[in-house]
Amino acid sequence: MRYTAVNFISADIQDWQKDLLIAELGDIGFDTFEDSDEGFNAYIPSSNLDVQRLETLLLDQVVDYQLDYSIKEIEEENWNTLWESNFNPILVDDVCYVRATFHEAKPEYLYEIVIDPKMSFGTGHHQTTSMMLSFILANDFKGKRVLDMGCGTGILAILAAKKGASSLLAVDYDSICVDSVEENKVLNGITNLESRLGSKEVIEGGIYDTILANINRNILLDQLDTYEAVLEKGGELYLSGFYEVDDLDIIKHKCEGLGLFFKEKKVMDQWCAAKFVKG
């Protein structure tokens with residue numbers, strides 16, 4: 001996965017103004033930040049960068065100070081070092097501890113997930129991943145056939161495996177993510193997880209009890225028909241990667257037209273995750 005750096009330069013921005021701006025940038029997909037001598041840098045998966053949305057945010061948020069920015073795509077081989085320097089362990093719902101290989105183990109927690117933080121998205125730090133992990137923790141996966149679409153590091157499938165899933169398939173269009181899943185399943189002792197490179201075409205003809213898809217609104221809307229076709233009757237569909245206010249009603253409408261009925265949602269900093277059941 002390629003990342004893009006946006007270098008923000010300001011001589012008069014206050015710390016509280018920078019914190020507010022970073023929070024807003026997080027809401028539009030930026031997931032890593034670091035201070036610089038002239039301001040700060042923000043990083044986003046290149047495919048998620050919407051310059052018009054960024055400029056609209058800056059027009060709304062930048063008040064009483066000057067701010068300039070420049071955009072540069074990061075070479076893939078440089079991203080690992082940067083990502084590792086910004087990777088901190090997280091704890092989800094007080095029971096699931098997510099750490100990197102270079103962090104100390106915490107065996108006192110019920111679930112521990114070890115992620116080798118390469119360039120693939122999905123370490124639990126983003127709100128959408130955290131909410132999906134929380135959904136997995138709160139629901140039954142014992143004996144379930146699980147599909148993880150847009151799998152990133154495979155973190156969701158790995159937790160589902162730890163919760164007793166019988167078989168798991170992780171799918172991503174990025175070969176780096178597929179390689180990451182293969183590495184991370186070994187780190188976590190998972191033996192029933194398969195990874196595949198591709199998109200909705202690689203799951204046609206399969207059948208699953210549970211589908212996890214943390215992608216974005218437009219891809220979800222495009223793939224929902226395929227999800228419905230491969231989901232067992234009574235099966236559960238967990239979706240995230242979209243906003244509550246702008247996106248949830250659109251997704252609910254499409255799901256209900258396919259016989260996928262909304263059950264509950266989680267919201268964190270305007271991001272949303274939702275559970276549906278196939279009727």
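This is a predicted model: local features need pLDDT of at least 70, side-chain atom pairs count only at pLDDT 80 or more; totals for chains, interfaces and linings use all residues.
1. As to overall dimensions, the C-alpha atoms fill a box of roughly 60 × 45 × 35 Å along the principal axes. The radius of gyration is 19 Å, which agrees with the value near 19 Å that a compact globule of 279 residues would have. Buried residues account for 52% of the 279 residues, and of the contacts between residues at least 6 apart in sequence, 66% join residues that are at least 24 apart.

2. Serine 10 is placed in the loop between strand S1 (3-9) and helix H1 (15-27). Because its relative accessible area is 11%, and buried means under 20%, serine 10 counts as buried. Its side chain makes a polar contact of 3.2 Å with the side chain of aspartate 12; leaving aside residues up to four places away in sequence, serine 10 touches Glu38, Tyr65, Gln66 and Leu67.

3. Two packed helices are described by the angle between their axes and by the distance between those axes. For helix H7 (residues 217-230) and helix H8 (residues 244-257), the axes come within 10 Å and cross at roughly 5 degrees, so H7 and H8 are roughly parallel to each other. On the H7 side the contact is made by Arg217, Leu220, Leu221, Leu224 and Asp225, and on the H8 side by Asp246, Asp247, Ile250, Ile251, Lys254 and Cys255.

Methods: Residues are numbered from 1 along each chain as its sequence is written. Side-chain values use heavy atoms; hydrogens and water are left out. Helices (H or I, at least four residues) and strands (E, at least two) are DSSP runs, numbered from the N terminus. Buried means under 20% relative accessible area, exposed over 50%, partly exposed in between (1.4 Å probe, protein chains only). A polar contact is a pair of N or O atoms within 3.5 Å; within protein, one must be able to donate a hydrogen and the other to accept it, and residues adjacent in sequence count only if both atoms are side-chain atoms. Contact means heavy atoms within 4.5 Å. Axes are lines fitted to C-alpha atoms, for helices over the stretch in contact, and angles run from 0 to 180 degrees between N-to-C directions. Angles under 35 degrees count as roughly parallel, over 145 as roughly antiparallel, 65 to 115 as roughly perpendicular and the rest as oblique. The radius of gyration is taken over C-alpha atoms; the globule rule is 2.2 Å times the number of residues to the power 0.38.
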